[in-house]
Amino acid sequence: MQLRYSWQPYLDFGQQLDLDQGVFVYQQHEEGKGFYYLNNGLIMNSIISTDGNEHVINYITEGMLFGEPGIFHEPYITNARAVRSSVVYYFSDLAYNEVCDAFPEARLVFTKALLFKLRTMAEIVTII
C-alpha cells in the first residue's frame, strides 16, 4: 500500500486549515490534540535541543499524515511549521473515529502511516 495520498478520501471528515509561511501547526511538548494531513505546501518537523538550538528532523511532503501521536493526546515530540503557505486538514480523535466507523479500512491506513513514522524515527536515532 502506498502511503502518500492514501488519507485523501477522508478529508471531508477533517477541518481545513490554511497556513501562512512560518506558522506553527503544533509545538514540541504541546499536548496532542489530533493529527494532520498535508494537502498542499510543505511542513518542517524540528526539535529544540536543551541548548536552545533548532534541529530539522524531516520535511512532510504533500499527501502525508503527520503528528499522529497527537491522536493519543500524547505531547508532540517535534515542532511542525509551514515552510511555505500550506493547506492541512486537522483530525481530532472524534473525527478519526467517525472516519473509521464510515470506512473501516482507514484504521489500516492510519496504522501504516504511524509505523512508517516509527521506522523513520528509528533510522534517525541510529544515524545520530
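Predicted model: local features only at pLDDT ≥ 70, side-chain atom pairs only at ≥ 80, totals over all residues.
1. Cavity. One cavity of 30 Å³ or more is present in the structure. The space in the largest cavity amounts to about 40 Å³.

2. Lining of the cavity. Which residues line the largest cavity? They are L3, S6, W7, Y37, G63, M64, L65 and A113. Sorted by class, six of the lining residues are nonpolar and two are polar, while none is charged.

3. Residue S6. S6 lies in the segment that precedes β1 (15–19). Is S6 buried or exposed? S6 counts as buried because its relative accessibility is 17%, and the cut-off for buried is under 20%. The side chain of S6 reaches the backbone oxygen of L3 at 2.6 Å. When neighbours within four places in sequence are left aside, S6 is in contact with G63 and V109.

4. Nonpolar core. The largest nonpolar core holds 33 residues, of which W7, V25, F35, Y36, I43, F66 and F91 touch the most other members. Two or more residues of this core come from each of β2 (24–26), β3 (35–48), β5 (65–66), β6 (79–91), α1 (93–102) and α2 (106–127). The largest share is that of β6, with seven residues.

5. Residue F66. Residues up to four places away in sequence are not counted here. The residues that F66 touches are V25, Y26, F35, Y36, Y37, L38, I43, I60, A80, V88 and K117. Among these contacts, Y37 is also one of the residues lining the largest cavity.

Technical notes. Residues numbered from 1 in each chain as written. Heavy atoms only, no water. 1 Å grid on protein atoms, 1.4 Å probe; cavity = no way out; pocket = protein on both sides within 12 Å on 5 of 7 lines; lining within 4 Å. Points joined across faces, edges and corners; volume = space filled by probe spheres on them. Nonpolar A, V, L, I, M, F, W, Y, C, P; charged D, E, K, R; others polar. Core = buried A, V, L, I, M, F, W, Y, C linked by side-chain atoms within 4.5 Å. Buried < 20%, exposed > 50% of the residue type's maximum accessible area, 1.4 Å probe, protein only. Helix = DSSP H or I, 4+ residues; strand = E, 2+ residues; numbered from the N terminus. Contact = heavy atoms within 4.5 Å. Polar contact = N/O pair within 3.5 Å; in protein donor to acceptor, adjacent residues only side chain to side chain.
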